[in-house]
Amino acid sequence: QVQLVESGGGLVQAGGSLRLSCVASGRTGSIWRMGWFRQAPGKEREFVGSIMWIGGSTSYANSVKGRFTISRDDAKNTMYLQMNSLKSEDTAVYSCAAALRTDPWSWSGWGQGTQVTVSS
């Protein structure tokens, strides 16, 4: 099992930046990739982006491509989400999850989430 804890959310003006963190603990050696997701009020959870734990290749949703950047620090078992040029539509609860080598197509270890609010 992997446990995840997010932090770094807050209130920011449109056009501003925030950096979220996701710290993993437990069986971190079993992580295949990690991802960021978000859920706005009244909407379904949506994929934001992901990073391969080995190699570091990333993928992003079209809605954030060019504005958001995912990175990781292996030594700290931490994944980051750098969010620039924030828009009001980025307002949501952001959560991270992990896909394990034993089940690479399922997300698990969901954190509690961190609120990001972008004021226009």
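**Aromatic pairs and the nonpolar core**

W105 is exposed, with a relative accessible area of 68% (exposed is over 50%, buried under 20% and partly exposed in between, with a 1.4 Å probe and protein chains only). The model is predicted, so local features need pLDDT of at least 70 and side-chain atom pairs 80 or more, while totals for chains, interfaces and linings use all residues. Numbering starts from 1 along each chain as its sequence is written, and side-chain values use heavy atoms, without hydrogens and water.

Across the whole structure, a search finds 4 aromatic pairs (Phe, Tyr or six-membered Trp ring centres within 6.5 Å; planes under 30 degrees apart are stacked, over 60 edge-to-face, the rest tilted). One of them joins W32 and W105, whose ring centres lie 5.3 Å apart with planes at 75°, and the pair is therefore edge-to-face. It links W32 in strand 4 to W105 in strand 10 (residues 103-108), 73 residues apart, strands being DSSP runs of E of at least two residues, numbered from the N terminus. W32 is partly exposed, at 24%.

F37 and W107 also pair edge-to-face, because their centres are 5.1 Å apart and their planes stand at 80°; F37 belongs to strand 4 and W107 to strand 10, 70 residues apart.

The largest nonpolar core has 30 residues, of which M34, W36, M79, L81, M83 and Y94 touch the most other members (buried Ala, Val, Leu, Ile, Met, Phe, Trp, Tyr and Cys joined through side-chain atoms within 4.5 Å). Among the strands that each supply at least two residues of this core are strand 1 (2-7), strand 4 (31-39) and strand 8 (78-83), but the largest share, 5 residues, comes from strand 9.

How values were computed
Helix = DSSP H or I, 4+ residues; strand = E, 2+ residues; numbered from the N terminus.
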